[in-house]
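Let's take a walk through this structure together, one region at a time.

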Amino acid sequence: MRTRIIPFVVILLLAASCAGENSGEERVLRLATTTSTNDSGLLDALLPAFEEEHNTRVDVVAVGTGQAIALGEAGDADVILVHARSREEAFVAEGHGTARSDVMYNDFVIVGPTDDPASVDGATLASDALAAIAATGATFASRGDDSGTHSKERSLWEAAGMETDPDADWYKSLGQGMGSTLNYANEVGAYTLTDRGTFLAQGESLQGLRVMVGGASIDENDDPALLNPYGVIPVNPDKGGIDAELAEAFVEWLTSIETQAMIETFGVESFGQPLFYPDSETWRSR
Amino acid sequence: METLGRAFANALGLLWNMDSALIETVVLTLQVTLVALVIALVIGIPIGAAIGLTRHLPGRWLIVPLIYTGMGLPPVTVGLFTYLVLSNQGPLGGLGWLFTPAGMIVAQTIIAFPLVVGLTMAAVQGVEPNLPVQMLSLGATRRQVATVTLLEARVGVTAAVVAAYGAIISEVGAVMLVGGNIEGETRVLTTAIVLETRRGNFALAMALGIILLSLAFLTNFAFHRLQVHQGVR
Amino acid sequence: MTAAYQLTDVRHCYGDRCVVDIPTLEVHSGEILGLVGPSGAGKSTLLRLLDFLETPTQGRITYAGTEIDSDASLAVRRDVTTVFQRPMLLKRSVAANVRIGRKLHGLDAKDGSTERWLDRLGLTDLADAPARTLSAGEAQRVAFARALVVEPSVLLLDEPTGNLDPYNVGLLEEIVRSENAERGTTIVVVTHDVFQARRLADRTGLMVSGRMIELAETEAFFSAPQQPQTAAFVRGDLLI
C-alpha cells in the first residue's frame, strides 16, 4: 500500500514546488534583452545585487533586439535593455517606452578568414572594408535577423554607399544568432560583423578567423561607427500589467556608480579586457 | 489575445500576397523533406521488413533497442552529428555539403530512417505469422513473401511514412544547424518561423506556421485517403 | 506405379526430441494418401517436410525421382502446395486472394481460371467481398481455390475441414476427389477424422509419436488392421 502512495506524494511535491515559484510576496521584473548581454554572463554577474536589494526576482528573456522590442511593444516586458540606437529612439517616440538611458557600450569588429581574400586587414573604417569585400565578391555572412548587430551592419553598408542587405551570391543572410553566424563564417571562410565580446568568448573554436577591422581591443578601434551603445528603456505603464515602479528602480540601479563599476570589471579576468564599458550619465559625470 | 488576432489577420494577408521569397522557402521545404523521406523509405522499408520477417536474426537483442532509440533521436543531436561530419574538419568535409540543401537532406534522412525501419518492422511483425509460411507454400519467393507481407501491413507502413514525414517537415534543430538558415539557399519554413519570431515579425511567423500546418495537413489527408482506400479492398 | 515421394531414413528433430522418424515411405503419384493419428504425432511436420518448408535433420527425400537437398528449387516448391486448417487470407477481395496464387507463380492471372475456381467453389457472388469477412467455411473454400488455381502436382491438406460444417466438408471432399480423378493430382491429407480418411483415401497410415505404425490400403486399414494400436485408433480409443 505504501509503495503505491509514494508516486502520488512525489507528484504532489513536484506540483507544490512549481506552484511555490509564483507564491509569496516576491515581485517580478520582466527584462527583455539581447542575447549578447545574457550569453556573455554579464547579467548573471550583475542581477543578484538588484534582486537582493529590492527583494525581487528578475526574469530575463534573452532574444534578438527585434523581438525584445516587440515584447516591449506588446507589454510583455517591464523594461528592455538593447543595442540599436535608432530603433530605441523610435520605440520611445512611438510611446512604447518612457525614456531611454545610456548604460554601457562595447564595440563591433569585422572578422574574416585569415587568408583575407578582400585584403581588408588593418582598414580603419568598417565601411571601406565592406566596400572592398563587395568589390571582390568575397563571402560575407550577415546575421540577417534584425538584431542590433544586423542594424549596425545595415548602417555600415549605407555608409559605404551601398544598398543594405545586398541581393548577391556572396552575401549570405543567415537569420541566426551571433555564435552560429561566427561558426558559419569560420566554416566557409566568410567575413562578418560581430560584437567583440562574442568573438572573444568563442575565440577557441574560431581558428580560421581573425579581427580585420577594429584592432585587438576597443582602444585600438579607430572607427567610431563601430561603437555599440546599449540603452535601457522602461516600458510605458499605460500598456497595463507593467510594474513601472520596479522598472524605474532597475534603470536607476543599472546606471548607478556601483553597478557601472561592476560592469567595468566584468570579463577582465577571463579575457584580459572588459566586454562592456560603463557609459551612464551618472558615470560620465562622476 | 489582440496580438494573436492581429497576427492571424496579417498572416492571411501575407498568404494572399505570397511573394517569391516565401514561395522559394515553401518549395525548398518540400524538396528537402520529400527527398529525405524517399531516401529513408527506399532504404528503410526493406530493412524494416527484413528485420521483421527474419525470425532468427543474430544480434536482434541489440539491433531492436538501437532502432527504438533511433526513433527518439533528438533532431538537434542529429544536426550536431551531421554538422561535425560535414564540417571542414570532419570526415566528409570534402563534399562541401555543410550549409547546403544536400546536408539538410542527410540530417533529415538520418532522423527519418529509424522511424521508417522501426515502424515498418512493427507493422510487419503485426501480420499473422502464418501468412508468410502459407505464401511460401503457395510458391512465393522470399522477396514475394516480403512484398505480400508489406502490402498486408500497409496501414502500419503508411503510418511509418506519415510519422517520418511529420517528424522531418516540422523539425527545426537539425536543418538550422546543418543548413544555416541562409536566405534563398537553405531557409526552410521552420527556420524561417524561428527567425521571424526572433525579429518580432509575429504576423509573418504565423503565416509561415499556417503554411507549414497546411502542408502537413494536406499530405496527411492524402495519406489517409490512401489508407482508407486500401483498407476497404 | 511411379513414386511422387520417396523418403529414406528421414528424421526431424528439435534438439533431442524427434517429431518425425520414418525409415521408409513412398507416396505414389496420383494417389490420395490419408494420414491419421493423435495430435502431436508429427503429421503436420511431415507435411511441412513434403512441402519443402523445412529440411529434415537427417535422411533423404526424393521428389519425382530427384533427390531434394536443403534448398528445394523454386520449380519443385511451386509443384507442391498446402491447404492449412486455418487459412490466412490477405486483406483484399476474395477474387484477389484466389488470383494471388497465379501472380506468385508469375502466371497470367486473367486467364479465367480464377473465375472458374470461384464458380466451382460457389464463391462467385462473394468475388468482390473483403476476404476477412468470410465465414470459416467460405474462407477455406477460398484457400482451396488459391491453391488449385496454380494446378499443383501435389496437394497437401492439413486438417482441411476441421471445424467446418457438413455442407462445406462435403463440398471440399468432392473437390479433392475430382481434382485427383481429373488431373491425377497426388494428395496427402492429414486428418483427425478417421471417417474422412476412409471416405477419401486410397491408402491410410497411422502415425504415433513420429512413427508410421501402419500403412495400408484404406479398406484393409479399417477392416483388418495389423497392429493393435491401429485397431484401437479405428475403434476410437485414446492413443498415447
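**Helices and contacts across three chains**

Let's begin in chain C, where the axes of H5(C) and helix H6 (residues 166–183) come within 10 Å and cross at roughly 10°. Axes here are lines fitted to C-alpha atoms, for helices over the stretch in contact, and angles run from 0 to 180 degrees between N-to-C directions. Helices (H or I, at least four residues) and strands (E, at least two) are DSSP runs, numbered from the N terminus. Angles under 35 degrees count as roughly parallel, over 145 as roughly antiparallel, 65 to 115 as roughly perpendicular and the rest as oblique. H5(C) and H6(C) are therefore roughly parallel to each other.

Before going further, a word on what you are looking at: this is a predicted model, in which local features need pLDDT of at least 70, side-chain atom pairs count only at pLDDT 80 or more, and totals for chains, interfaces and linings use all residues. Residues are numbered from 1 along each chain as its sequence is written, while chains are lettered from A and ligands numbered from 1 in the order in which they are written.

Back to our helix pair. The crossing of H5(C) and H6(C) is left-handed; that term applies if the near helix is turned anticlockwise from the far one by less than a right angle, and right-handed applies if clockwise. On the H5(C) side, the contact is made by Gly137(C), Gln140(C), Arg141(C), Phe144(C) and Leu148(C). H6(C) answers with Asn168(C), Leu172(C), Ile175(C) and Glu179(C). Two residues are in contact if their C-beta atoms, placed from the backbone, lie within 7 Å. The contact of H5(C) with H6(C) divides into 4 nonpolar, 3 polar and 2 charged residues. In this grouping Ala, Val, Leu, Ile, Met, Phe, Trp, Tyr, Cys and Pro count as nonpolar, Asp, Glu, Lys and Arg as charged, and the others, Gly among them, as polar.

H5(C) also packs against H3(C), at an angle of about 35° and with the axes 6 Å apart. The crossing of H3(C) and H5(C) is right-handed. Val94(C), Asn97(C), Val98(C), Ile100(C) and Gly101(C) of H3(C) meet Val142(C), Ala145(C), Arg146(C) and Ala147(C) of H5(C). By class, the contact of H3(C) with H5(C) has 6 nonpolar, 2 polar and 1 charged residues.

Most residues other than glycine have a negative phi. Glu151(C), though not a glycine, has a positive phi of about 50°. A residue is buried if 20 or more other C-beta atoms lie within 10 Å of its own, exposed if 12 or fewer, and partly exposed in between, with C-beta atoms placed from the backbone.

Phe52(C) is another non-glycine residue with a positive phi, here about 60°. Look for Phe52(C) in the loop between helix H1 (43–50) and strand S4 (58–63) of chain C. Phe52(C) has 20 C-beta neighbours inside 10 Å and so counts as buried.

Now for the sheet. Chain C has an open sheet of 4 strands in the order S2-S1-S4-S5, with antiparallel pairing. Strands pair if DSSP finds at least two bridges between them. Strand S2 (17–28) and strand S5 (66–67) of chain C stand at the edges, each with a single partner strand, so one side of each has no neighbour in the sheet. Strand S1 (residues 3–14) of chain C is joined to S2(C) by 10 bridges, and the two run antiparallel. One place to look is Gln6(C), whose bridge partner in S2(C) is Glu26(C).

Let's move on to chain B, which has 11 helices and 0 strands. Its C-alpha atoms fill a box of roughly 65 × 50 × 30 Å, taken along the principal axes. Of the 233 residues in chain B, 45% are buried.

Chain B touches chain C through 16 residues of chain B and 21 residues of chain C. The largest share of the chain C side, 3 residues, comes from H2(C). Chain B also meets chain A, with 17 residues from chain B and 18 residues from chain A. H4(A) gives the most to the chain A side, with 4 residues.
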